[in-house]
Amino acid sequence: MKHTAGEWRVHRVFIDEIDSYVITARRPNERQDICIIESKDQEANARLIAAAPDMLDALMNIKSKVNLTWFPESVEILINAAIEKATK
């Protein structure tokens, strides 16, 4: 599975007078909506969703560049599980 490329951002909007959040992917000359969260208490979820591609990239960089044998085995297991969950 491949996610939508580009920098993801959170935008606060009002849809039918409901405080909502739109997560978008920015590309040159284009903006693509990823999802819309319509709830008063969902800003934290929207920000987490928007950060997901950056977190996946960070984990993949850690896995490829850091000698994980210096850490407890559970660290590598957690990294692999998170990458798999995001990509499968």
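1. A helix here is a DSSP run of at least four residues, and helices are numbered from the N terminus. With that in hand, please keep in mind that this is a predicted model.

2. How exposed is Trp70? Its relative accessibility is 70%, so Trp70 counts as exposed, the cut-off for that class being over 50%. Trp70 also belongs to a nonpolar surface patch of about 420 Å², together with Ile62, Val66 and Phe71.

3. Next, have a look at the largest pocket, whose volume is about 260 Å³. Its lining counts 12 residues, and Ala52, Pro53, Leu56, Ala82 and Ala86 are the ones closest to the centre. Two elements, α1 and α2, each give two or more residues to this lining. The biggest share comes from α1, with five residues.

4. What classes of residue line the largest pocket? Nine are nonpolar, one is polar and two are charged.

5. Ala86 deserves a moment of its own. This residue lies in helix α2 and is partly exposed, because its relative accessible area is 38%, between the limits of 20% and 50%. Ala86 and His3 are 83 residues apart in sequence, yet their C-alpha atoms are 8.7 Å apart in space.

6. How many salt bridges does a search of the whole structure find? It finds three, and each is worth a visit in the viewer.

7. Another salt bridge pairs Arg12 with Asp19, where the closest N and O atoms are 2.7 Å apart.

8. The remaining pair to view is Glu7 and Arg9, a salt bridge whose closest N and O atoms lie 3.1 Å apart. Glu7 counts as partly exposed, at 41% relative accessibility. Arg9 is partly exposed too, at 34%.

Conventions: Residues are numbered from 1 along each chain as its sequence is written. This is a predicted model: local features need pLDDT of at least 70, side-chain atom pairs count only at pLDDT 80 or more; totals for chains, interfaces and linings use all residues. Side-chain values use heavy atoms; hydrogens and water are left out. Patches are made of residues with over 30% relative accessible area and no salt bridge: like charges are joined within 9 Å, nonpolar side chains (Val, Leu, Ile, Met, Phe, Trp, Tyr) within 5 Å. Accessible areas come from the Shrake-Rupley method with a 1.4 Å probe; for residues, only the protein chains shown count as cover. A salt bridge is a side-chain nitrogen of Lys or Arg within 4 Å of a carboxyl oxygen of Asp or Glu. Buried means under 20% relative accessible area, exposed over 50%, partly exposed in between (1.4 Å probe, protein chains only). On a 1 Å grid over the protein atoms alone, a cavity is a set of points where a 1.4 Å probe fits but cannot get out, and a pocket is an open set with protein on both sides within 12 Å along at least five of seven lines; lining residues have an atom within 4 Å of a point. Grid points are joined across faces, edges and corners, and a volume is the space filled by probe spheres set on the points. Ala, Val, Leu, Ile, Met, Phe, Trp, Tyr, Cys and Pro count as nonpolar, Asp, Glu, Lys and Arg as charged, and the others, Gly among them, as polar.
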